Amino acid sequence: MPNFFIENDELKAAISITGAELQSIYNKSNSTEYLWNANPDYWAKKSPVLFPIVGGLKNNQYHFNGKTYVLSRHGFAREKEFEVVQVSNKIIQFILSSSDKTVEIYPFYFKLTIEYSIEKNKLFTKYIVENLGTEEMYFSIGAHPAFKVPLAEQTKFEDWYVEFNAIENADIFPLTSDGLLENNSIPFFQNTNNLQLKKELFYKDALVFKKLNSNKISLKSKSSKTGLTMQFDDFNFFGIWSAKNANFVCLEPWCGIADSINSDGNFIQKEGINKLNSNEVFIRTWSIELF
């Protein structure tokens, strides 16, 4: 499928029509590609959009209005072909609307717009969810961008760290082999704003946080001036993940979260679910600043 582009004097981004998925974030000032290369030996995605669920459902099922529906992990948007509106060379919108096929597995009428824009050395990703139906709509949405680590030549994965803009004391919530949240959290951050990257961190899947104090996270190395800062306001959950022994790290702001092992499948009561009344609009934006 073809890619579409936005570009200015400092950066260039490519996005696929399939899944409205970022394919490239290139910084002209230091001639650096920031996104993972999607090596299928590790993980064949780059930056999927998670909608209308984030993570997995117990038994891949949920219940709504007396019916049971089957929905695979992270939902269906990442596999769908979007409509494209090239607003300008610096702004592009990708639109996915409900259809007869989506209603079979997700009984809501919606319009999802994913807008990418650039300003100087920043890339902005905006999610706009509209309820086109006459009833209340329930959904989750989240980001899953994979950034190349190491970002600079002559450095290695372990030279890089994640820096938070606030002191954290957050627990992590372990995932089962089925991708469900365990009942008990594990203490993780203790009065720190720094996470040193090590590949062993992700041998048991993602680091899942239910509440961070930070709204900015930076990927840095003491061995390089290259890096990035992600800003994510009003995202209640956050994941950090890499495939086993892969050279990338995903920084994932979420409005939603996987089911727990105790989930009863009631979609309305699902943890992290968002509700939209008829004709209401939900908007969230995250951004990355390249340096």
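Tutor: A pocket here is an open set of grid points with protein on both sides within 12 Å along at least five of seven lines. Keep in mind that this is a predicted model.

Student: How much space lies in the largest pocket?
Tutor: The largest pocket has a lining of 21 residues. The space in this pocket comes to about 300 Å³.

Student: Which residues lie nearest the centre of the largest pocket?
Tutor: The lining divides into twelve nonpolar, four polar and five charged residues. Of the 21 lining residues, those nearest the pocket centre are Arg73, His74, His144, Asp205 and Trp241.

Student: How many cavities of 30 Å³ or more are there, and what lines the largest cavity?
Tutor: The count comes to one cavity of 30 Å³ or more. The largest cavity holds about 30 Å³ of space. By class, its lining has three nonpolar, four polar and two charged residues. By name, the lining consists of Leu57, Gln61, Tyr62, Asp259, Ser263, Gly265, Asn266, Phe267 and Lys270.

Student: Phe267 forms an aromatic pair with Tyr106. Is Phe267 buried or exposed?
Tutor: Buried means under 20% relative accessible area. Phe267 has 0% relative accessibility, so Phe267 counts as buried. For Phe267, then, the word is buried.

Student: What is the geometry of the Tyr106 and Phe267 pair?
Tutor: A ring pair is described by the distance of the centres and the angle of the planes. For Tyr106 and Phe267 the centres are 6.5 Å apart and the planes make 85 degrees. Planes over 60 degrees apart count as edge-to-face. The pair is therefore edge-to-face.

Student: How far apart in sequence are the parts that this pair ties together?
Tutor: Tyr106 lies in the loop between H1 and strand S10 (110-119). Phe267 lies in the loop between strand S23 (248-255) and strand S24 (274-276). The pair thus ties together parts whose separation in sequence is 161 residues.

Student: How many aromatic pairs does the structure hold?
Tutor: Ring pairs link a cluster whose members include Phe51, Tyr69, Tyr106, Tyr138 and Phe267. For the structure, the number of aromatic pairs is 28.

Student: Which residues are on the covered face of strand S6?
Tutor: In a regular strand the side chains alternate between the two faces of the sheet. In S6 (residues 61-64), Gln61 and His63 make up the uncovered face. The covered face holds Tyr62 and Phe64.

Student: Which residue in the hairpin of S6 and S7 takes a positive phi?
Tutor: S6 pairs with strand S7 (residues 67-70) in the antiparallel sense over four bridges. Gln61 stands opposite Val70 in S7. Two residues lie between the strands, and the positive phi, near 50 degrees, belongs to Asn65.

Student: Which ring has the charged end of Lys210 over it?
Tutor: One case of a charge over a ring is Lys12, which lies over the face of Phe5 at 4.8 Å from the ring centre. Lys210 puts its charged end 4.2 Å from the ring centre of Phe173.

Student: Is Asp100 buried or exposed?
Tutor: Asp100 lies in helix H1 (residues 100-105). Exposed means over 50% relative accessible area. At 70%, Asp100 therefore counts as exposed.

Terms used: Residues are numbered from 1 along each chain as its sequence is written. This is a predicted model: local features need pLDDT of at least 70, side-chain atom pairs count only at pLDDT 80 or more; totals for chains, interfaces and linings use all residues. Side-chain values use heavy atoms; hydrogens and water are left out. Buried means under 20% relative accessible area, exposed over 50%, partly exposed in between (1.4 Å probe, protein chains only). Rings of Phe, Tyr and Trp (its six-membered ring) pair if their centres lie within 6.5 Å; planes under 30 degrees apart count as stacked, over 60 as edge-to-face and the rest as tilted. A charge sits over a ring if NZ of Lys or CZ of Arg is within 6 Å of the ring centre and within 35 degrees of the ring normal. On a 1 Å grid over the protein atoms alone, a cavity is a set of points where a 1.4 Å probe fits but cannot get out, and a pocket is an open set with protein on both sides within 12 Å along at least five of seven lines; lining residues have an atom within 4 Å of a point. Grid points are joined across faces, edges and corners, and a volume is the space filled by probe spheres set on the points. Ala, Val, Leu, Ile, Met, Phe, Trp, Tyr, Cys and Pro count as nonpolar, Asp, Glu, Lys and Arg as charged, and the others, Gly among them, as polar. Two strands pair if DSSP finds at least two bridges between them.
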